[in-house]
Amino acid sequence: MGEFWPVPEVLTYLGGRWLAERTVRDLAGGDEGRFTGTVVFGPMEGGGLLHEESGDFTWRGVTRPAGRTLRFLPGPGGTADVRFADGRPFHGLDLTTGRYIAGHPCAADLYRGEFTVRDADHWQSVWRVRGPAKDLELTTGYARVG
């Protein structure tokens with residue numbers, strides 16, 4: 001099937017529980033952190049999926065609980081409109097080719113995300129964050145649970 005695994009309907013693909021392992025690299029300062037946890041994509045009233053991430057994040061030797069919530073709303077042709085928990089737009093997501101590049105401006109910073117699907121149970125996101133105060137790379141591998 002090639003390098004990427006096409007996903008005709010992103011919300012159907014993502015539904016369920018995933019293990020997540022993320023590395024966070026500060027490219028300017030050299031620090032590296034790690035997040036390990038789970039992500040549950042559960043149904044939302046009115047359609048779409050609620051992305052609930054929880055786990056532990058270790059940065060500079062200190063481990064703390066970490067989490068975030070996103071909304072994945074249905075988009076045209078099997079795509080998704082990804083929003084922050086408060087409803088603000090984040091980015092689109094189209095995995096029909098198995099790969100997608102997204103961008104998100106945040107104040108003076110620019111977030112560029114690359115999403116790739118390996119197979120029915122594994123996908124990855126790589127976010128590159130650049131700005132006056134940030135030079136980061138966040139790589140997250142996801143593996144389906146059950």
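Reply: Happy to. In this predicted model, R83 is partly exposed, with a relative accessibility of 23%. Its partner in a salt bridge is D81, with 2.9 Å from N to O. D81 is partly exposed as well, at 24% relative accessible area. Both values fall between the 20% that limits buried residues and the 50% above which a residue is exposed.

Now turn to D121 and R144, whose side chains form a salt bridge at 3.0 Å, N to O. D121 sits in the loop between β8 (109–119) and β9 (122–130), while R144 belongs to strand β10 (residues 135–144), so this pair ties together parts that are 23 residues apart in sequence. Neither end is hidden away: D121 is partly exposed at 33% relative accessibility, and R144 is partly exposed at 26%.

Some of these pairings link up. R22, E53 and R68 belong to one network, joined by salt bridges that share partners. Keep those three in mind, because they come back at the pocket: R22, E53 and R68, together with W127 and L138, are the lining residues that lie nearest the centre of the largest pocket. That pocket holds about 620 Å³ of space. Its lining takes in 32 residues, which divide into 20 nonpolar, seven polar and five charged. Strand β4 gives the most to this lining, with six residues.

R60 and D31 meet through their side chains in a salt bridge of 2.8 Å, N to O. R60 is in the loop between β3 (49–59) and β4 (62–74), and D31 is in the loop between β1 (16–26) and β2 (32–43), so the bridge ties together parts that lie 29 residues apart in sequence. As background, side chains of opposite charge can pair when their charged atoms come close. Counting every pair that meets the rule, the model has 11 salt bridges.

R60 has one more feature for you to look at, in its backbone. Most residues other than glycine have a negative phi. For R60, though, phi is positive, near 55 degrees. A107 also has a positive phi near 55 degrees. This residue lies in the loop between β7 (99–106) and β8, and A107 is exposed, at 84% relative accessibility.

Note on methods
Residues numbered from 1 in each chain as written. Predicted model: local features only at pLDDT ≥ 70, side-chain atom pairs only at ≥ 80, totals over all residues. Heavy atoms only, no water. Salt bridge = Lys/Arg side-chain N within 4 Å of Asp/Glu carboxyl O. Helix = DSSP H or I, 4+ residues; strand = E, 2+ residues; numbered from the N terminus. Buried < 20%, exposed > 50% of the residue type's maximum accessible area, 1.4 Å probe, protein only. 1 Å grid on protein atoms, 1.4 Å probe; cavity = no way out; pocket = protein on both sides within 12 Å on 5 of 7 lines; lining within 4 Å. Points joined across faces, edges and corners; volume = space filled by probe spheres on them. Nonpolar A, V, L, I, M, F, W, Y, C, P; charged D, E, K, R; others polar.
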